[in-house]
Amino acid sequence: MAAPRIGILGGTFDPVHVGHLVAAVNARSALDLDRVILMVANVPWQKAGQRAVTSAEDRFAMVAAAVGEVAGLEASRLEIDRGGDSYTADTLVELASEYPGASLFLIVGWDVATELTTWDRWEEIQRLATLVVVNRPGAGRPAGLDGAGWRVEEVTVPNLEISSTDLRERAATGRPLDYLVPQAAVHCLRARGLYATGR
C-alpha cells in the first residue's frame with residue numbers, strides 16, 4: 001500500500017473563507033493528495049500583539065463546519081490540544097510521528113512562501129515537508145526558494161482577493177458573508193455571536 005500523501009493548510013482562520021477551501025481542494029487535486037488537513041492555530045505567534053484573535057475553539061468550530069462533508073478535507077485541533085503558541089515545526093514533527101512514512105505537503109500562499117526563513121525552526125520544516133506554493137495565475141515563483149533546499153510544488157488557483165479583516169467587519173455590521181464564507185461556517189459564527197460589536 002502506498003504511503004499516504006497528506007496536505008497541511010495551517011492558519012488562524014479568523015474566519016475561514018472560500019479562499020482557504022479553494023486552495024485546499026485545488027492542492028489536493030493537483031498533487032493527488034489523500035487528504036488535506038486544515039490545521040487551526042491555537043495561539044498564532046505571528047499575530048501576537050497585532051489584534052485580538054477569536055478563541056481557538058470558535059475558530060475550530062467554524063472550520064469544522066466549513067469542511068463538513070467535503071471529500072478529502074478535514075479540520076484538525078492538534079495545535080489547540082497541544083496548547084501554547086502554534087509552531088509549524090512542532091506540528092510537522094507530530095504528524096510525521098503519527099503517520100510514519102507519509103509524505104507531508106505544507107500548503108502556503110505566495111506571500112507566506114517569501115517569509116518562511118523567519119519561521120521558528122524553518123530548517124526542520126524544510127526537512128519534513130514538501131512546500132506547496134499556491135499562486136494566482138501569472139504570479140510566478142516566489143524569490144528565494146530555488147537552490148535553498150526546499151522541495152517545492154506550485155499550484156495555480158483562481159485569484160480570490162478576500163480579506164479576513166473585511167469579513168470580520170462585515171459580520172460585525174450585519175453585511176452579507178454569502179459566497180465569501182462557506183454557508184455552514186456563516187451559520188456557525190452567527191449562532192456563536194462571533195464578531196458582533198462589543199464582543
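A polar contact of 3.1 Å links the side chain of Asp 58 with that of Ser 55, in what is a predicted model. Asp 58 belongs to helix α2, which covers residues 56–67, and this helix lies across strands β1, β2 and β4 of an open sheet. The points below take the residue, the sheet and the helices in turn.

**Asp 58**
- With a relative accessible area of 9%, Asp 58 counts as buried, because the cut-off for that class is under 20%.
- The partner in the polar contact of 3.1 Å, Ser 55, is joined to Asp 58 through side chains.

**The sheet**
- The open sheet has 6 strands in the order β4-β2-β1-β6-β7-β8, and their pairing is parallel.
- Strands β4 (73–76) and β8 (152–156) stand at the edges with a single partner strand each, so one side of each is left without a neighbour in the sheet.
- From one strand to the next, the twist averages 30°.
- Within this order, β1 (residues 5–11) and β6 (residues 103–109) pair in the parallel sense over 4 bridges, and Arg 5 stands opposite Ser 103 in β6.
- In general, the strands of a sheet pair through backbone hydrogen bonds, in either a parallel or an antiparallel sense.

**Helices on the sheet**
- Helix α4 (residues 88–98) packs on the sheet, where it touches β1, β2, β6 and β7 (129–135), and the direction of α4 makes about 155° with that of β6.
- Helix α2, which holds Asp 58, lies across β1, β2 (35–40) and β4, and runs at about 170° to β4.

Notes: Residues are numbered from 1 along each chain as its sequence is written. This is a predicted model: local features need pLDDT of at least 70, side-chain atom pairs count only at pLDDT 80 or more; totals for chains, interfaces and linings use all residues. Side-chain values use heavy atoms; hydrogens and water are left out. Helices (H or I, at least four residues) and strands (E, at least two) are DSSP runs, numbered from the N terminus. Buried means under 20% relative accessible area, exposed over 50%, partly exposed in between (1.4 Å probe, protein chains only). A polar contact is a pair of N or O atoms within 3.5 Å; within protein, one must be able to donate a hydrogen and the other to accept it, and residues adjacent in sequence count only if both atoms are side-chain atoms. Two strands pair if DSSP finds at least two bridges between them. Axes are lines fitted to C-alpha atoms, for helices over the stretch in contact, and angles run from 0 to 180 degrees between N-to-C directions. Contact means heavy atoms within 4.5 Å.
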